[in-house]
Amino acid sequence: MLAHHQEKGVNQAIHWIKTNYAEPMQIEKLAKAVSMSVSNLHHRFKAITVMSPLQYQKQIRLLEARKLLLGGHIEAATVSFKVGYESPSQFSREYRRLFGASPLQDMEYLKHHELDQ
């Protein structure tokens with residue numbers, strides 16, 4: 001019964017992060033909202049997603065940024081703010097870490113290879 005309650009709490013946390021990815025996340029408030037302790041939320045969240053809540057939020061932000069960049073004529077700095085980053089340079093570093101290229105390089109590569117298919 002407790003495991004089911006914890007899984008439900010993690011699913012609620014995942015839903016909150018997906019819905020509010022651009023908002024600052026306070027793990028203490030999130031844990032309280034899903035009726036779990038901070039340490040238990042971290043432990044169970046990582047067991048289910050293989051990442052911490054903050055890592056998960058970062059990945060959601062970067063995936064959404066990639067969609068926005070692919071979708072139109074919008075600068076990376078603007079996208080960085082839209083998805084919740086306060087610093088375009090931090091956004092660019094984390095984008096490069098996840099996708100292996102800067103936002104501009106990644107868009108050029110993806111658009112070029114999209115035309116090839």
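Author: Two rings of Phe, Tyr or Trp (the six-membered ring in Trp) form a pair if their centres lie within 6.5 Å; planes under 30 degrees apart are called stacked, over 60 edge-to-face, and the rest tilted. By this rule, there are four aromatic pairs. Y95 and F99 are one example: their ring centres are 4.6 Å apart and their planes stand at 55°, so this pair is tilted. The model is predicted, so local features need pLDDT of at least 70 and side-chain atom pairs pLDDT 80 or more, whereas totals for chains, interfaces and linings use all residues. Residues are numbered from 1 along each chain as its sequence is written, and side-chain values use heavy atoms, without hydrogens and water.

Reader: Which residues form one aromatic cluster?

Author: The cluster consists of Y85, F91, Y95 and F99.

Reader: In which helix do Y95 and F99 lie?

Author: An α-helix has 3.6 residues a turn, so residues three or four places apart point the same way. Helices here are DSSP runs (H or I, at least four residues), numbered from the N terminus. Y95 and F99 belong to helix α6 (residues 88–99) and are four residues apart, about one turn.

Reader: Is Y95 buried or exposed?

Author: The label rests on relative accessible area with a 1.4 Å probe and protein chains only: buried is under 20%, exposed over 50%, and partly exposed in between. Y95 has 0% relative accessibility and therefore counts as buried. F99, at 18%, is buried as well. In helix α4 (residues 53–71), the buried residues include Y56, Q57, I60 and R61.

Reader: Over the face of which residue does R61 lie?

Author: A charge sits over a ring if NZ of Lys or CZ of Arg is within 6 Å of the ring centre and within 35 degrees of the ring normal. R61 lies over the face of Y85, at 5.6 Å from the ring centre.

Reader: Which residues lie nearest the centre of the largest pocket?

Author: A pocket is an open set of points on a 1 Å grid over the protein atoms alone, where a 1.4 Å probe fits, with protein on both sides within 12 Å along at least five of seven lines; lining residues have an atom within 4 Å of a point. In the largest pocket, Q57, R61, G84, Y85 and Q90 lie nearest the centre, among 13 lining residues. Helix α4 gives the largest share of this lining, four residues.

Reader: Which residues line the second largest pocket?

Author: The lining consists of M51, Q55, K58, Q59, L62, E94, R97 and L98. The elements that contribute two or more of these residues are α4 and α6, and the largest share, four residues, comes from α4.

Technical notes:
The expected span of a helix is 1.5 Å times one less than its number of residues.
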